[in-house]
Amino acid sequence: MSDRPKPRKPKYLSSSSINGETLTLTLTPPLSSSSSALKMPRKSLLFKRMLASIFAISAVFLFFFYAFISPLDRPRRDSRSTATPVKVFVYDLPKKFTHGVVERYLKARGEAAATTDWDLGELKYPGHQHSAEWWLLKDLMRKERSGSAIVRVLDPDEADLFYVPFFSSLSLVVNPNRPGLMSSGKMEYSDEEMQDSLVEWLEDQVYWKRNNGRDHVFVCQDPNALYRVIDRVKNGVLLVSDFGRLRRDQASLVKDVILPYSHRINSFKGDVGVQGREVMLFFMGNRFRKEGGKVRDLLFQVLEKEGDCVISHGTQSRESRRAASNGMHTSKFCLHPAGDTPSACRLFDAIVSLCVPVIVSDYVELPFEDVIDYSKIAIFVDTNKAVMPGYLVKLLRGVSNERILGYQKELKKVKRYFEYDSPNGAVEEIWRQVAQKVPLTKLMINRDKRLVSRDLTEPDCACICSNRTANINLQTIQ
């Protein structure tokens, strides 16, 4: 037999697939007829095998990296900044529903009202706690809308939503002393007639008839605004302060938007801290209210004799606002009990004052809860426990200064959401909330096209509103 060595076949050490392409690594040792080939150094062979293993492992790693890991780490765009703005058409209502309401309000108080066009200047709108209707319409008149969730369109056929710019909350209080009878016995101004006239005008519009008003937006921030015609406009997107006087077939969190009140006192300009805030708990407001507001009188009884609490009766006036501003700016906690309805402007006055709100209102609804965690900025107390003698003061006295600073820091972060005059404040957030209603609005419009009339004993609506306020354990807020 011959001693000549047999030629070696090439050895394919590894193959892997990356993005659909096969990578093959081959090591082929040189052939030699001499016996020196048999004497190849063992270290060289081991090195080549090790190198081949490294290539194979690298190929497998790259495959898994590009297929599974890399997509999770790629930067994503902010959906807010890239989303297509919702197109809003603003109705050109007869003047009596917009400028006319302001003029009648001022005239009833002996003030002159300048006649102004939206494009040429600003109408003097009276400041009050339900002035969202003014801020939103003023914002819609802006031509530069970069970054906004909505854009105004002049062609109604392009619109996703139709904005009805009736000053419903101001109309409600045009007459200084309702029902507004003059000395002649004739009604000078009738909000009820204005509501009826508005809906009659809308019902003649082709775009109202097209979808039965589902794609129309109404601001009815005062709890009594549009009360006479609410059943005729309830299909629309309602911008309200709460649901205290609305039935569940008229409004819900699914369809509508909760608005913050316009705060009536000056914002606190200082920094966080308990220095200078010597009062533990502050409240100034009407002691006697109806419905859920009856809790106020009970709270007065258990708190007014506590030395570190300032609990006083006050009505709407410039003097009361100045006193309330000073009180909130020098207090650690500000009480927010229910009034005639679950919410009130006092809560938002407290927020911009960096005075930690203490909310005693079991059915309150709050604005922008998809972006604001109110448990970080306020203390919620069950009504039945709050009126127990000694319970509330013991709870608040047990909250450490460090915890109060934590609340204040969170309040400072979210304060802009409650500033209607802030460029990135309440108005922009309201529009973002309204824009989120468009998919549901379109769903309901299409659903209406195939439903037949039905006699229902219960409202045919979906509502995710729980209306429950959790009890706060003393240990969780210290």
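Helix 13 gives three residues to the lining of the second largest cavity, the largest share from any element. Keep in mind throughout that this is a predicted model. Two elements give two or more residues to that lining: helix 9, residues 295-303, and helix 13, residues 391-397.

How many cavities of 30 Å³ or more does a search of the whole structure find? It finds two. As a reminder of the idea, rolling a probe the size of a water molecule over the atoms shows where empty space is left.

The largest cavity holds about 60 Å³. Its lining is made by Cys220, Asp222, Pro223, Ala225, Ile230, Val240, Asp242, Arg245 and Leu246. Six of these residues count as nonpolar and three as charged, with no polar residue.

The largest pocket has a volume of about 1,400 Å³. It is lined by 47 residues, and those closest to its centre are Gln129, His130, Arg264, Gln316 and Cys345. Which classes do the lining residues fall into? There are 16 nonpolar, 16 polar and 15 charged residues in the lining of this pocket. Several elements each supply at least two lining residues: helix 3 (99-108), helix 5 (168-172), strand 9 (279-285), helix 10 (318-329) and helix 11 (346-352). Helix 10 supplies five residues, the largest share of the pocket lining.

Five strands make up an open sheet, with parallel pairing, in the order 10-9-11-12-13. Which strands are at the edges? They are strand 10, residues 309-313, and strand 13, residues 379-380, and each of them pairs on one side only. At the strand 13 end, strand 12, residues 356-360, runs parallel to strand 13 and is joined to it by two bridges. Within that stretch, Val358 is opposite Ile379 of strand 13. Helix 14, residues 401-414, lies across strand 11 (331-337), strand 12 and strand 13. The angle between helix 14 and strand 12 is about 90°.

Last, a look at strand 6, residues 216-219, and the strands that pair with it. Strand 5, residues 161-164, pairs with strand 6 in the parallel sense, over three bridges. Val164 has Phe218 of strand 6 as its bridge partner. Strand 7, residues 237-240, also pairs with strand 6 in the parallel sense over three bridges. There, Val217 has Val237 of strand 7 as its bridge partner.

Are the side chains of strand 6 buried or exposed, and which way do they point? His216 and Phe218 point one way, Val217 and Val219 point the other way, and all of them are buried.

To go back to where I started, the second largest cavity takes three lining residues from helix 13, and the largest pocket takes five from helix 10. That is all I have.

Notes
Residues numbered from 1 in each chain as written. Predicted model: local features only at pLDDT ≥ 70, side-chain atom pairs only at ≥ 80, totals over all residues. Heavy atoms only, no water. 1 Å grid on protein atoms, 1.4 Å probe; cavity = no way out; pocket = protein on both sides within 12 Å on 5 of 7 lines; lining within 4 Å. Points joined across faces, edges and corners; volume = space filled by probe spheres on them. Helix = DSSP H or I, 4+ residues; strand = E, 2+ residues; numbered from the N terminus. Nonpolar A, V, L, I, M, F, W, Y, C, P; charged D, E, K, R; others polar. Pairing = 2+ DSSP bridges. Contact = heavy atoms within 4.5 Å. Axes fitted to C-alpha atoms, helices over the stretch in contact; angles between N-to-C directions. Buried < 20%, exposed > 50% of the residue type's maximum accessible area, 1.4 Å probe, protein only.
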